[in-house]
Amino acid sequence: ASVFGEIARLSTRGATVASYTAAGNVRRGLTDAGFAVERLPGFGNKRHRIEAVYQHGSSAAEFSPSIEISGAGIAGLSLARSLRRRGVEVRLWDPDPRLGASTNPFAMVSPRINRMDDPQSRFQVRAFEYAARLYREDAAFLACGVLRLAVDGELDDRFAKAIDSGTLGFGASRMVSAERSSALTGVELSHRGLWMPEGGVLVPQKLWLRLRSELEICASRPPTDSGEASRWIAHGPWATSDLEALPMRISRGQRSVCRSSGAAQRLRCVVSAHGYISPAIDGRHGVGASYQRAELSSNANAICDADDRDNVARVGAWSPQLAAGLEVLESRAALRALVPDHMPLIGPWGSKVVLGALGSRGFSLAPLGAEVIVSTALGMCPPLERAGRAAVSPERFRKRLRNGSAPATCLRDLP
């Protein structure tokens, strides 16, 4: 594409361009790309300059279809917030939003770490950075930092290569020694780790209650015939019934809420290593989480005592001190949706728009995913590179099947 075409692609209606040059080829190029160009008197010794206004694209005021969002968890609420911020009215449908993982007692805000600097890795990190900035002003978020402990050779290699490859950008994330890990956390540790000061822990129930108070939520499933309304899918595991052609699978996760005592009272930040523990909030730690294959027919809320013991045992594997001070007070189990490549589904799928398959990182991924969908729908420049949008698009599975890079069983009843 030409330079002028790229300028137009990145513009929305009313975007302005000013240039010192008034050369004919520049004026014609901008005009052909959809700009209204005006030649004006120049500055100083320059005879002419130009100003141009983009005439195409759309705005929220012109966005006529009403939006029906199926799901009022963090994905649906993020979409609704992004739409309302741009003046678009929206209605959410959810028969019982409290059953989902978005009302868990605690959630770690931290990205999935990969070795390579590729579109998938960059999306994970950029989404985390955006979410951390968004939550930082919210009382539901404790910006305490996250330490990803390198408790084995695979994790150590992954974290070190992520730093070396530039996947984590040029932020404050860095590898720290075992001694420094101990100083950052307030408890004695024997492993080095990846320190991510922008991360932290969220109390989802507080965030969810605040967001839903600003929105209309219908306590039922949306009608099959929504008329002229555009239907957006954001209801986690239950989206599998709406998106049967996609290779979505379900996992069950149980988080434990533990009383703070002993060494655990000194914990200053989130520590993650095949599970995680948060610092105490109101005298309670979030510890989790289990990860098991499940079906929608499973009783998502059934509590398993063995999962609580496993959650505490995972902490004990790298800090017996911390585990000794944990007493399980309550637990919460919920279902998650994911796809084989562990990337989310963000964008159009047939006549629907999807924000889902967020796995266990919904609070880290949903805000940026919502911005990508809404800005694209409104003809604005999306806050994600083109390769990143392809990496999260549901259409990637259709393309893989046609290219022979996915087994025929990857998709069911491909439309």
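How many aromatic pairs does the structure hold? The structure holds 2 aromatic pairs, where rings of Phe, Tyr and Trp (its six-membered ring) count as paired if their centres lie within 6.5 Å, with planes under 30 degrees apart called stacked, over 60 edge-to-face and the rest tilted. The model is a predicted one, in which local features need pLDDT of at least 70 and side-chain atom pairs count only at pLDDT 80 or more, while totals for chains, interfaces and linings use all residues. Residues are numbered from 1 along each chain as its sequence is written, and side-chain values use heavy atoms, with hydrogens and water left out.

One of the pairs is formed by Phe35 and Tyr54, which are tilted, with 4.9 Å from centre to centre and 50° between the planes. Because Phe35 belongs to strand E2 (residues 35-41) and Tyr54 to strand E3 (residues 48-54), this pair ties together parts that are 19 residues apart in sequence. Helices (H or I, at least four residues) and strands (E, at least two) are DSSP runs, numbered from the N terminus. Phe35 is buried at 3% relative accessibility, and Tyr54 is buried at 10%; buried means under 20% relative accessible area, exposed over 50% and partly exposed in between (1.4 Å probe, protein chains only). The rings of Tyr135 and Phe141 also form a tilted pair, with centres 6.0 Å apart and planes at 50°. Both Tyr135 and Phe141 are buried.

Charged groups were also found over rings, the criterion being NZ of Lys or CZ of Arg within 6 Å of the ring centre and within 35 degrees of the ring normal. The charged end of Arg398 sits over the ring of Trp349, 4.3 Å from its centre. That of Lys46 sits over the ring of Tyr20, at 5.4 Å from the ring centre.

Strand E10 (residues 193-196) runs antiparallel to strand E8 (residues 146-149), to which 4 bridges join it; two strands pair if DSSP finds at least two bridges between them. Within this pairing, Met196 in E10 is the bridge partner of Val146. Strand E9 (residues 174-176) is likewise antiparallel to E10, with 3 bridges, and Met175 stands opposite Leu194.

E8, E9 and E10, together with strand E15 (270-272), are among the elements that cover the buried residues of helix H6. In H6 (residues 178-185), these buried residues are Ser181, Ser182, Leu184 and Thr185. They lie on the same side of H6, because they cover an arc of only 165° around the axis, the arc being that of the directions from the helix axis to the C-beta atoms. Just after H6, Gly186 takes a positive phi of about 90°.

Helix H7 (residues 204-212) has Pro204, Leu207, Trp208 and Leu211 as its buried residues. Seen down the axis of H7, they fall within an arc of 95° and so line one face of the helix. Their cover includes H3, strand E6 (107-109), helix H4 (119-135), strand E11 (200-202) and helix H10 (362-377).

Ser78 lies in helix H3 (residues 74-85) and is buried, at 1% relative accessibility. Neighbours within four places in sequence aside, Ser78 is in contact (heavy atoms within 4.5 Å) with Ala366, Pro367 and Ala370.

A search of the whole structure finds 0 disulfides, defined as pairs of cysteine sulfur atoms within 2.5 Å. Cys258 is buried, with a relative accessible area of 0%, whereas Cys381 is partly exposed at 37%.
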